[in-house]
Amino acid sequence: MLELRDITAGYGPAAPVLENVSLTIAPGEAVGLLGPSGCGKSTLARIVALLHPPRAGIVTVDGERVRGWRHRAPRHLRTAIGITFQQPRAAADPRLRLADTIAEPLRACGLAAAAKDRTAELAEAVGLTAELLHRRPHEVSDGQLQRACLARALVHEPRWLVCDEMTSMLDASTTAALVATVETYRDRTRAGLLAVSHDRDLLTRWCDRIIQLPPALIATSR
Amino acid sequence: MNADAPPAAPLLSLRDLTVRFRLRHGVEVAAVTGASLDLAAGECLALVGESGCGKSVLAAALLGLLPANTEVTGAALIGGVDVLAADERTLARRVRGRLIGLVPQSPAAHLNPVRTVRSQLHETVRELLDPPRDRLPGLVRQAAARASFPADHLDHHPHQLSGGLAQRAATALALVGDAPLLLADEPTTGLDRDLVDATTGELRRHADSGRAVLIVTHDLTAAQRVADRVAVMYAGRIVEVAPAADFFGTPGPRHPYAHGLLEALPTRAFRPIPGMPPELSRLPDGCAFAPRCPHATTACHEQPPQYDGLACHHPRFPLPEAAGA
């Protein structure tokens with residue numbers, strides 16, 4: 001169980017983006033997060049992925065309360081949650097070949113020995129050929145790069161996956177292919193999912209339940 | 001809406017546009033191959049296809065915005081000017097902003113971040129209309145009003161605008177020169193549903209007021225909302241052109257690729273087309289879709305001719321007699 005309780009979060013001295021938000025994702029469950037631009041969807045996604053410290057509130061992963069936010073959440077919890085972002089061009093290091101992009105989280109955790117096999121396995125799962133793996137981001141399309149970013153998110157076999165607008169830059173066919181890849185992975189591992197999008201049709205088709213965030217607190221307080 | 005008949009004289013007539021990028025080591029990228037289109041005043045055409053199929057290159061070619069290593073052949077007639085053959089001076093003085101207005105992909109990135117909207121409109125009005133000094137402020141306000149940009153936000157900088165207002169500011173700039181053709185390159189990417197509705201609504205309004213609108217997009221839902229006709233592009237070729245009502249409704253698309261693209265929508269089968277689009281630097285000799293096509297035959301080793309708005313050896317159904325488009 002991944003649980004957020006009474007989360008308040010924001011940036012700098014400004015008014016909070018989220019106030020008293022609670023959210024639970026069970027193993028194997030797919031939760032959709034819907035809302036207009038600027039309502040705090042991505043902030044919530046980043047908190048779920050343990051990348052952004054909330055101002056107040058508690059996050060627990062399988063009963064273990066996340067501590068140490070000031071520096072970084074503990075590694076064994078961060079690696080239990082994978083995340084993909086909206087813009088693959090901004091999320092992938094332009095200097096790394098796709099193979100190294102996928103393997104980087106393993107190397108960062110001292111698991112470089114496993115990198116080669118794992119990369120090949122994941123590349124096949126997301127539909128990247130060996131030739132594409134040797135290219136750098138500027139030599140592939142947005143869709144191909146997002147496939148690599150999804151593979152990177154799965155490299156630690158996460159128990160939860162956060163897809164923050166994973167497909168909003170992509171065409172219908174690539175969208176369906178990436179969602180199918182995520183679902184194949186989840187069928188095998190019973191991983192939980194938080195899918196963030198502003199596309200209601202997509203989330204309705206993809207998720208077990210949908211949470212709608214209200215319009216931005218910032219906008220109403222200004 | 002004029003979905004029933006191809007109206008009289010087309011405003012844009014694109015014939016056999018071919019774009020090649022020459023790279024090092026003799027690599028050649030076939031970005032666009034033999035694209036032909038007609039677009040009438042008051043009509044909105046959506047050019048759809050997967051990312052990297054060459055649709056944005058087609059748009060850039062019309063504005064003469066391609067890099068120097070590009071070879072462009074074909075003809076694109078707008079208002080008596082062949083914009084593909086025009087030199088930089090003609091493009092700058094007669095085409096950009098005057099014959100073709102560009103509504104950019106991400107307005108926030110297109111607008112100058114360090115200048116107010118008023119100052120940017122000011123510059124564009126002065127450049128395109130060259131009015132007497134005392135009429136300038138009035139023309140700027142008019143230009144803003146035409147794109148429904150609120151006058152009290154004119155002195156804001158781009159970062160102070162919401163996504164929707166930034167979009168309107170960019171549209172206002174595109175409308176200043178009263179160009180008969182509006183070119184919208186991925187106008188809805190990354191916008192939320194309300195903004196998509198607003199943006200497509202505005203584009204539709206411009207088409208209804210007599211402009212020709214060409215929308216380049218991968219967002220089929222937006223295309224369905226706004227377009228009179230749809231052109232589908234695959235691997236640099238236009239493989240199908242059809243009235244939007246037929247394409248999205250019944251009888252549906254005729255090309256297997258277009259059919260696959262629609263079936264990938266979450267509101268339909270949500271089933272991806274197997275495989276990935278081919279590299280534009282090494283396209284197969286025959287139909288580029290054949291390797292992914294469920295109905296491919298040996299005939300597909302040859303390039304299908306473009307006929308009745310379709311390039312396929314085995315359309316899903318023959319063209320209904322009456323339509324003739």
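1. The buried residues of helix 8 of chain A are A:Ala172, A:Ser173, A:Thr174, A:Thr175, A:Ala176, A:Ala177, A:Leu178, A:Val179, A:Val182 and A:Tyr185. A residue is buried if 20 or more other C-beta atoms, placed from the backbone, lie within 10 Å of its own. Helices (H or I, at least four residues) and strands (E, at least two) are DSSP runs, numbered from the N terminus.

2. This is a predicted model, in which local features need pLDDT of at least 70, side-chain atom pairs count only at pLDDT 80 or more, and totals for chains, interfaces and linings use all residues. Residues are numbered from 1 along each chain as its sequence is written, while chains are lettered from A and ligands numbered from 1 in the order in which they are written.

3. The cover over these buried residues includes helix 7, strand 7 (160-164), strand 8 (192-197) and helix 9 of chain A, together with helix 8 (220-226) and helix 10 (256-263) of chain B.

4. The contact between the chains takes 22 residues from chain A and 23 residues from chain B; two residues are in contact if their C-beta atoms, placed from the backbone, lie within 7 Å. Helix 8 of chain A gives the most to the chain A side, with 7 residues.

Notes: A residue is buried if 20 or more other C-beta atoms lie within 10 Å of its own, exposed if 12 or fewer, and partly exposed in between; C-beta atoms are placed from the backbone.
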